[in-house]
Amino acid sequence: MSLQDWKQHRRPFAAIASAPLFWLVLFFLVPMGIVWLYSFGQNSGPADIAITGTLDNYKRATEWLYLSIFGKSLAVAALVTLICLIIGFPVAMAITFAAEKWRPWLLLAIMLPFWTNLLIRTYALMMLMGSNGYANRGLGALWDGASWLKTLVGLQPLEAWAPVPLLYNNFAVVLGLVYVHLPFMVLPLYSALDRLDKSLIEASLDLGAGHFRTLTKIVVPLAGPGIAAGVMITLIPALGAYLTPDLMGGTDSQMIANVIERQFKRANDWPFGAALSFLLIYAMFILVAIQSLRGDRKKEAR
Amino acid sequence: MALFARRPVAPLEYTRKTWMRLWVGATLVFLYAPLLVLMVFSFNDSKRNVAWKGFTLKYYEKALNNDTLVEALVNSLTIAALATVVSVILGALAGVMLWRFRFPLKGAVEGVMSLPIIVPEICMGVAMLIFFAKVDWPTDLPWPLNLSAITIAHITFCFPFVAMVVRSRMASFNREQEEAAKDLGASEWATFRDILLPHMKPGLVAGALLAFTLSLDDFVITFFTSGPDTITFPVKVYSMVRFSVTPEVNAASTILILLTIALTAVALKLQGVKGIAETH
């Protein structure tokens, strides 16, 4: 099918293209452009920002405090992505090889939480993990059981159970982000695995390779692009996460998005916040570029 | 006993392996247990979400008598409805534009169109905050015009999703149908209405559902664009969670979860379970 050249169909093209392009420019590019300009400005009054072309905001962003928060956000996002991959891969495999009538329902079961409001899901998790929540009580019951077993064999019982702080720390942030982003990982993995030629796996198993070897030598290389897509779809939102570290984190677990928010809502240093936003956008561009470079090299290799 | 004579597990039937089943089961428990506990405790007759003290509906009564909460819910639904209508129109146009025409800088346009999808929410929120402050967008308009800033922001991140869905739907369109219609004397508009639109419809439905959920779900961008008097449901729940965790929040959350399930049921009815699985 050939595309129509816009010059030969000016009127339909104008009728179709003008509204979305107008919207995109006015309500996306212009706001982004203003943020970009502000990142080279400074506060020159209570409600005034002078765009002076200064690089001070970017210089300040390279201070150790901000660099370490950037590094930490990246580390947390990478850890979350890894955990999601480890949990999600077998789930995607199971859905791919599930019986025809079960498959769509399993997919729906993964998608339903993804459609549920993010805030409600975070709140639900917080409720479970509070110091009197069920997670702590479950751990307490296990602890008591262990203590009872010890007395049974004639040893001293363990000390009384003290609730562990599950919330308001880095652990909570990682768990919360995994909880929220797991469906993001499973869905692209599933669509990659689904496209896989299953006879290749059968051939590998027939020829004597074990399940693990088939997985590493056949499934993972063939599903590579899908895995990369899943990693990106999880990594990028996790890197810019605001709500989870804000609600579930402690004072030392803020991520870069929380620092940006503070510049706008509390510290009132818009130019610095603008510079941090653009640094986050650049970091995301680099991630996307790495992925598309990898894709290109794969194509050349063939 | 045919009922108990199980077929042996074939090599590729991973789903029938016990450890796989346990793994999937544990994942589903992890995903659903918090939501179920939240819903159950919305009926709990106790101020604190700790122990079960008996069944009550009083927190639903409280939530529904909480005027700001109801107002926030109405606002959220209004915004989602408006944003869905505009996003579907803009997204359908954008999808057709990319599918049909060759034009200069097409790659760049495609790239910019996908930006609202990948730019971190916080950056979009910040951009919207600065933009509406810069143009002095009026904040004291009567309802529903006071929701215009939030609605505009929502449309901006929703319509590229619709465009993507519509474009991939159009890829399966047989161009000859359109040519035949034109040969038989149909005008450009009639061809669009009678040939293209019916083919596009499943894409439009999927896009609309996606836009509606995305809009209803959004917290961060709304948090930055909402004025002091315009509160949406997620923003309201956020402040409730922040300052006091009460069963009222559970009741309100349960109502929204049930709404999501209802929407999913609508989607199921319209597209079938396979259709949903394919569009995502």
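How do the axes of helix 1 (residues 10-38) of chain A and helix 5 (residues 121-134) of chain B cross, and within what distance do they come? Here are a few points on that and its surroundings, with the reminder that this is a predicted model.

1. To take the question directly: the two axes come within 8 Å, and their crossing is at roughly 90°. Angles from 65 to 115 degrees count as roughly perpendicular, so helix 1 of chain A and helix 5 of chain B are roughly perpendicular to each other.

2. It is worth looking at who meets whom here. Helix 1 of chain A brings A:Val30, A:Pro31, A:Met32, A:Ile34, A:Val35 and A:Tyr38, and helix 5 of chain B answers with B:Val126, B:Ala127, B:Met128, B:Ile130, B:Phe131 and B:Lys134. By class, the residues of this contact are 11 nonpolar and 1 charged, with no polar ones.

3. Now to the largest nonpolar core, which holds 159 residues. The members touching the most other members are A:Ala92, A:Val186, A:Leu189, B:Val126, B:Ala127, B:Met128 and B:Val162. Helix 7 of chain A (residues 170-194) is the top contributor, giving 17 residues to this core.

4. A:Val186 deserves a look in the viewer: leaving aside residues up to four places away in sequence, A:Val186 touches A:Gly88, A:Val91, A:Ala92 and A:Ile110.

5. Finally, chain B as a whole. Its elements are 11 helices and 1 strand, in the order α-α-α-β-α-α-α-α-α-α-α-α from the N terminus. Of its 280 residues, 40% count as buried. Among contacts in chain B with a separation of 6 or more, 77% link residues 24 or more positions apart.

Terms used. Residues numbered from 1 in each chain as written. Chains lettered and ligands numbered in written order. Predicted model: local features only at pLDDT ≥ 70, side-chain atom pairs only at ≥ 80, totals over all residues. Core = buried A, V, L, I, M, F, W, Y, C linked by C-beta atoms within 7 Å. Buried ≥ 20, exposed ≤ 12 C-beta atoms within 10 Å, placed from the backbone. Helix = DSSP H or I, 4+ residues; strand = E, 2+ residues; numbered from the N terminus. Contact = placed C-beta atoms within 7 Å. Axes fitted to C-alpha atoms, helices over the stretch in contact; angles between N-to-C directions. Parallel < 35°, antiparallel > 145°, perpendicular 65-115°, else oblique. Nonpolar A, V, L, I, M, F, W, Y, C, P; charged D, E, K, R; others polar.
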